[in-house]
Amino acid sequence: METLPPHVEMCPAVPTRSDPRGSALTVHGLERVLGNRPVLRGIDLDVPAGTVLALLGPSGCGKTTLLRCIAGLDRPDSGLVVVDDFTVSGPECFVNPEKRRIGMVFQEPALFPNRTVGGNVGYGLPRAERGGPRVERALALVGLTGTGDRMPSTLSGGQQQRVALARALAAEPSLILLDEPFSALDAPLRAELRGEVRRLLAAAGATAVFVTHDQEEAFLIGDQVALMLEGRIAQVGTPDDLYERPASRQVATFVGDANLLPAEAEGDVALTPVGRVPLARPAHGRVEVVIRPECIAACKGGDSIVERIEYYGHDAVIVTSSRGCPVRCRVMGRPPFDAGDRIGLEYVGEPSVAFSP
Amino acid sequence: MNWRAVGVTALAVALTVPFALPFAYLLVRNAQDLGGLWGALSDDRLLGPLFRSLLLGVSVALGAAVLGTLAAWLVARTNLRARRAWALLLCLPLVIPSFVGAVALIAAFAPGGLVEQVLGIGWLPEVSGFNGAFVVLTLLTYPYVFLLVMARLRSLPPSLEESARMLGRRPLQVFVSVVLPQARAAVAAGALLVFLYVISDFGAVQLLRYDTLTRAIYSDRLLDPITSIALSLVLGVIAVAVVAMERRSSRVGLRDQSRAGTALEVPLGAWRAPAYLFLVLLIGFSLVAPIAVLAFWAIRGLANGSADSASVVADPTLIVQPLLSTAGISVVTALVAVLIVLPIAYRSVRRPGRLGEVLAGTVVGGFALPGLVTALAFVFFTLSTPGPLGALYQTLPLLVLAYVVHHGALALGAAQSAVAGVPARLDDAARIMGRSRVRRFLGVELPLMLPGLAAGAGLVLLSTAKELPATLLLAPPGFTTLAIEVWQAAELAAYEEAAIFALVLVAISAVLTWFLVVRPALRSWSTPVSGSSPSVADSPVSSAHPEVTAP
Ligand SMILES: Nc1ncnc2c1ncn2[C@@H]1O[C@H](COP(=O)(O)OP(=O)(O)OP(=O)(O)O)[C@@H](O)[C@H]1O
Ligand SMILES: [Mg+2]
């Protein structure tokens with residue numbers, strides 16, 4: 001019989017030994033009503049130890065609420081939160097946030113203005129270690145060696161956010177939650193930090209939930225991506241799964257650019273306005289097929305007329321229509337067509353997915 | 001050369017002169033008689049009262065800081081019920097002027113008072129002296145700390161405390177290590193305001209017979225004017241220094257624009273009952289008890305009547321005259337104050353710079369000087385000046401002038417916000433459309449400023465209605481306000497009369513305070529926006545609260 005870690009003492013119920021697969025975080029059936037509105041409507045999640053889950057979703061879908069329920073900053077109305085095999089939030093038990101050993105990084109750095117950078121990073125450590133090597137190590141991890149004696153206000157916004165990350169990592173939490181940590185920064189800095197945080201989390205071997213409403217960010221940082229729509233998890237999977245094999249039409253349209261073309265399915269092919277498209281899952285009858293714009297090739301001469309060209313520099317989108325359906329087709333560089341030209345379209349991608357309309 | 005701008009500047013400078021007058025007069029008078037000043041400063045005519053003023057000021061400031069901070073934390077951060085209602089109740093002692101509080105305390109423990117008659121306690125403790133003054137002033141001034149700390153807690157980003165919790169600290173540790181350091185500037189600002197209030201207070205210490213500087217200045221003014229003037233200068237210097245300190249400290253600490261939101265609630269658990277008890281006792285002693293005592297005396301007086309037909313107890317219509325006088329003089333003062341400070345506000349906001357700061361600072365200096373000292377300076381100034389100025393002594397114009405000098409800063413703060421609230425671009429737009437300068441001001445800017453100016457006038461009105469020492473020294477013979485009536489009745493131990501006038505005064509002050517102070521503050525608390533509550537933050541002593549000078 002194992003002794004319980006100290007953080008569970010507050011829990012009135014006996015902690016449930018949950019599944020033995022080594023999940024660092026399991027959320028089951030989580031529901032939360034805020035001001036008469038169901039904000040979380042039965043969330044199920046499972047984050048294996050040492051991996052990063054990117055939680056992606058539009059503004060207002062409940063990402064922050066979910067994170068706060070996991071952290072213990074908010075109390076769910078029903079459902080379970082299990083961290084490191086111990087139930088921290090359930091029907092008869094609620095462990096206070098300070099006992100959960102979960103690290104959290106907010107949208108703003110939230111550094112304590114009256115403490116030095118080192119004082120901030122050491123805040124969550126036992127008293128004896130606050131000035132010691134653990135602080136230095138955490139600062140080195142985020143590339144801020146030697147800033148320990150400075151005050152937070154003397155650092156730039158990006159540096160402050162890195163200190164916040166170091167502060168959360170220094171305590172070596174079993175789980176770290178990041179709520180849109182870069183959304184207050186400008187685009188180039190964001191891009192730089194994105195890569196860095198991915199490397200950092202991997203180096204620390206941390207289990208993390210990273211909230212964002214930016215699809216690129218989710219794909220770059222997450223080992224798994226969970227798409228959340230209106231208080232429900234619409235799909236969980238690798239970035240590849242979400243993009244290539246969306247589970248629903250909503251997922252297909254939220255993740256990346258998609259043409260939804262009406263088609264006639266015949267088993268593992270569908271007849272669409274851009275020709276025959278192979279299907280990953282067999283279907284029959286009238287369907288809508290998800291076709292990514294980059295999976296369509298355009299050539300001179302055909303029965304589609306170019307409406308306009310959206311030119312982005314590295315690539316361009318040809319806006320056209322085929323048999324009455326608007327179609328977007330992405331090509332690298334500048335296409336050799338102009339508005340009014342006649343073009344032919346052809347499907348060139350991997351097997352796609354179809355939904356009944 | 002822009003002659004209009006020069007004109008506005010000249011007008012603003014000229015209008016600022018009266019605000020500097022009392023302090024300048026004290027300096028000159030004392031400089032002319034250095035021997036007298038030295039004599040007064042070097043013996044215990046100064047040291048005793050000075051020590052008592054400082055002792056009382058520091059004690060009350062500490063007491064109010066503890067009560068106000070604790071109350072603010074309970075209301076802003078815990079899971080108590082009906083927190084908005086508590087917040088409202090905790091502000092309300094602001095409506096009780098200090099001399100009314102003192103009257104209530106004395107009347108409660110007087111023979112035949114509430115304590116003896118209703119509670120049946122035969123042994124009556126001595127309430128005068130330090131203890132009485134400390135209790136009354138602490139209970140009436142903690143709202144200043146409460147309001148400032150409350151505003152600060154509302155403006156703190158919740159993620160700060162949430163981070164600390166996530167890093168493993170319990171709520172109490174979070175309060176000590178994160179919240180208190182962030183609220184320190186607000187607590188300090190509140191404590192300084194309370195300190196200023198206490199050392200400026202005249203009514204309570206005089207009634208409770210605790211010999212502070214104000215009491216010494218008042219009692220020496222006829223027989224030993226040299227000492228009185230010397231002590232006035234000492235008190236004035238301390239008060240101005242405190243205000244300067246307050247302005248500096250709050251400029252550093254209180255103004256950060258952070259994203260506010262709903263903060264985590266700390267569950268009180270077993271501490272819930274003691275927390276409610278604390279709030280109930282605090283409001284009970286600072287608000288309910290004084291009003292209950294006054295009501296007790298007032299009702300008993302009205303029921304029993306009086307043999308003296310000139311007493312308000314016998315003839316309640318006698319309340320009308322002082323009521324009208326109070327209303328009239330307060331309204332006139334408010335209007336004059338707004339007219340006088342508007343050019344100063346205009347100049348200091350539209351052309352920011354050294355001169356504007358000096359002008360505004362001078363007006364605030366007039367506010368910092370205790371009412372008693374301001375009034376006394378005007379008394380001596382007019383009495384020692386021959387000609388038309390001398391003839392002003394004990395006339396209504398001089399009384400209004402003294403009020404304006406003393407309370408003008410309240411209108412200035414509001415007027416500055418009002419001017420700043422009108423974008424200068426609007427004037428440019430009107431100019432392009434070919435409107436003349438005067439028509440632009442009257443037609444475009446003034447209507448936009450009017451609500452702000454009205455709020456400023458309201459604050460002056462409120463403070464003037466409660467003003468005691470300046471009225472006592474400068475009112476024409478026979479001119480009485482409600483405050484004077486309370487005062488005179490209390491000095492004669494006619495508690496029934498004092499209570500009736502006091503209740504009316506408190507009622508008026510409550511209505512004005514509700515509209516001018518509490519409602520704006522509550523409104524800003526209910527919307528989680530950045531910054532501190534405007535009504536609190538924009539008052540004259542930077543973050544200061546309006547009635548600070550009407551003890
Ligand atoms: N205290 C509250 N009372 C009522 N409704 C709330 C409360 N807090 C949040 N909500 C609502 O719950 C929904 C989800 O909020 P949440 O903050 O979790 O969204 P989010 O996904 O984090 O959005 P964003 O990307 O904008 O941060 C929103 O529609 C919000 O209006
Ligand atoms: Mg959010």
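Predicted model: local features only at pLDDT ≥ 70, side-chain atom pairs only at ≥ 80, totals over all residues.
Residues are numbered from 1 along each chain as its sequence is written, and chains are lettered from A and ligands numbered from 1 in the order in which they are written. Local features need pLDDT of at least 70, side-chain atom pairs count only at pLDDT 80 or more, and totals for chains, interfaces and linings use all residues, while side-chain values use heavy atoms, without hydrogens and water.

**Ligand 1**

Ligand 1 is surrounded by 14 residues (a heavy atom within 4 Å). The closest are A:R37, A:S59, A:G60, A:T64 and A:T65. By class, the shell has four nonpolar, seven polar and three charged residues (Ala, Val, Leu, Ile, Met, Phe, Trp, Tyr, Cys and Pro count as nonpolar, Asp, Glu, Lys and Arg as charged, the others as polar). Helix α1(A) gives the largest share, three residues.

| Residue | Atom in the residue | Distance |
|---|---|---|
| A:R37 | polar side-chain atom | 2.8 Å |
| A:C61 | polar backbone atom | 3.2 Å |
| A:G62 | backbone N or O atom | 3.0 Å |

Taken alone, ligand 1 exposes 640 Å², and the protein buries 61% of that (Shrake-Rupley method, 1.4 Å probe).

**Helices α4(B) and α13(B)**

Helix α4 (residues 83–91) and helix α13 (residues 272–304) of chain B pack at an angle of about 30°, with their axes 9 Å apart (helices are DSSP runs, H or I, of at least four residues; axes are lines fitted to C-alpha atoms over the stretch in contact, and angles run from 0 to 180 degrees between N-to-C directions). In α4(B), B:W86, B:L89 and B:L90 meet residues of α13(B) including B:Y276 and B:L287 (heavy atoms within 4.5 Å). The residues of this contact divide into nine nonpolar, no polar and no charged.

Conventions. Polar contact = N/O pair within 3.5 Å; in protein donor to acceptor, adjacent residues only side chain to side chain. Helix = DSSP H or I, 4+ residues; strand = E, 2+ residues; numbered from the N terminus.
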